[in-house]
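Hi there,

Here is the structure I promised to pass on to you. Have a look at it first, and then read my notes below.

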Amino acid sequence: MKQMTIRAELADYLKKQGITINQFAEVSKVNSGTISNIINGNRPIAMQQLDRITEGMGLEEGCYYDLYVDECFVHSNPNWRRLRPFLYRCAELDKLECIARVVGIMMDSLSYTPSLFDTAEDFFTLGKHKAAAMLYQSVAESEKYQHSERLALCQYRLFTIALGEDRDANLRAAVQFEGFVNRLDEVDQLDALKDLANTYSALRHWDKVMAMAKEMGNKATIQYHAKYDRARKSRLQKEPEIPLFSYIQYSYMLRSVVYRELGDYDRALHYVNMYMDMNWIREDTEEALQLMNQCMEWARANINLLRILKGDITVLPEYVAYLEQREEEILSGLFKILQAANYYQFNVDDILLQFEGKISDCRDRHQLDIRSYNQQIFEDRYTNLMAEIAFYYIRRNKYEISIKYIMESLEYSVKINSESCIIKCVGMFEELRHTVSLETQKEYRNLISKVQRINEKKNGFVVSSA
């Protein structure tokens, strides 16, 4: 059986269509002499020529890429001058199988490792994360026995790309990357620790958040003194993404959050006061001043929040006014208000009514977003807020309204694989089972059956609807 080749396909096309090389050259914008040499096997096909020929034949973009791999890379010595544009086109067209084949060929020679890494960095910047991940994985595999910064940076990128809606997958990604942090450049270590802390925060692993926050704060403090201490002033090899002082401040902020979540409000307040103190900061750029002002706003708001969590509702109007101007903090802020309201049993009906529209707008907008880390944070906050509102209405004997929020929380709990929130929602329904109408119970059973089917398919986790 004759092996299929691109030049044979082209020659067959010209014959069937009854057109000459010159006529096809006009259509494809490829020189007629070049087409003749390609058909006669006297000249390899360049990437741009292949795309023009494919378009001229009226075929789908990239339909001959598998053949191109065979002809230019499998049966001949791969050349980076041809490999590079091919990889970029495959990434652009999402031809991941072709990338996998080419990368497998290239990794036979470790000399390609630096070029593959640089290409992966380009893909990452361009948002071609699936293609980038394949290259990072290959580079990491080739250097797995090394202690190189490049290996660590590959693992950092793979961690970032892996973050999504599945909490268990996010935890595995964080744990896998954690051991590579100290191999990164000293500036990249700060961003890596910040990203790990944020990930563990979304997963509510507060011991890990505290560990990452402390390490980030210590490293940032050392770098800060090295940069500004006159006796041993040094220059960082590269500048961090945000002013250096911000990592120290963020470390204090994270520690405050951890103690707040653990219910130790006095220690939480201590760290709020720590990041309120900015007399030591030497940066005076416009960006630095904006960040300091923002940090001061957060501090004042968090002081009010801590007072609310301790039962002081006199600051509630001021804190609610703050949330009105900070849409990105509405979900987490309302969640804390509801927690306090449920614990101290004060009325927040007016606040829930005030923010009802904004919560809906926030949900609808995020449902349209592409999967991202921010989406993961949103879904976690939204899920827990819905459960807390449901609990609030149960305590106020508004059972029909509560069921609505239980269902909403349950739907998102399944989506993000949050077993704890699923169990919380089922527990609340059990409390209502004998107080709601038969019609509502039937509706709930139908919904919980749907939840079970999704969960069983996803990870085998089952809740009882009996």
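Four aromatic residues, Tyr65, Tyr68, Phe73 and Phe86, come together as one aromatic cluster. Please keep in mind as you read that this is a predicted model.

What does Phe177 touch, if we leave out residues up to four places away in sequence? The list is Ala152, Gln155, Tyr156, Phe159, Leu184, Ala192 and Leu196. As general background, nonpolar side chains in soluble globular proteins tend to be buried together.

Now for the ring pairs. A pair of aromatic rings is described by the distance of the centres and the angle of the planes. The count of aromatic pairs here comes to 21. One of them is formed by Phe378 and Tyr382, which are stacked at 5.4 Å centre to centre, with 25 degrees between the planes. Both residues belong to helix H20 (residues 373-395), where they are four residues apart, about one turn of the helix. Phe378 and Tyr382 are both buried.

Tyr393 and Tyr405 make another stacked pair, with 5.9 Å from centre to centre and 25 degrees between the planes. Tyr393 is in helix H20 while Tyr405 is in helix H21 (residues 399-415), so this pair ties together parts that are twelve residues apart in sequence. Are these two tyrosines, Tyr393 and Tyr405, buried or exposed? Both are buried.

A ring can also have a charge over it: the charged end of Arg157 sits over the ring of Phe124, 4.8 Å from its centre.

Next, a look at Asn342, which is found in helix H18 (residues 330-344). Why does Asn342 count as buried? Its relative accessible area is 11%, and buried means under 20%. Not counting residues up to four places away in sequence, Asn342 touches Glu388, Phe391 and Tyr392.

Finally, a note from the records. UniProt, in an unreviewed entry, lists residues 10-65 as "domain: HTH cro/C1-type". In the model, that stretch, residues 10-65, is 62% helix and 0% strand, and its end C-alpha atoms are 14 Å apart.

Enjoy exploring, and write back with any questions!

Best wishes

Note on methods: Residues are numbered from 1 along each chain as its sequence is written. This is a predicted model: local features need pLDDT of at least 70, side-chain atom pairs count only at pLDDT 80 or more; totals for chains, interfaces and linings use all residues. Side-chain values use heavy atoms; hydrogens and water are left out. Contact means heavy atoms within 4.5 Å. UniProt positions are given in the numbering used here, feature names are shortened, and annotations may be inferred rather than shown by experiment. Helices (H or I, at least four residues) and strands (E, at least two) are DSSP runs, numbered from the N terminus. Rings of Phe, Tyr and Trp (its six-membered ring) pair if their centres lie within 6.5 Å; planes under 30 degrees apart count as stacked, over 60 as edge-to-face and the rest as tilted. Buried means under 20% relative accessible area, exposed over 50%, partly exposed in between (1.4 Å probe, protein chains only). A charge sits over a ring if NZ of Lys or CZ of Arg is within 6 Å of the ring centre and within 35 degrees of the ring normal.
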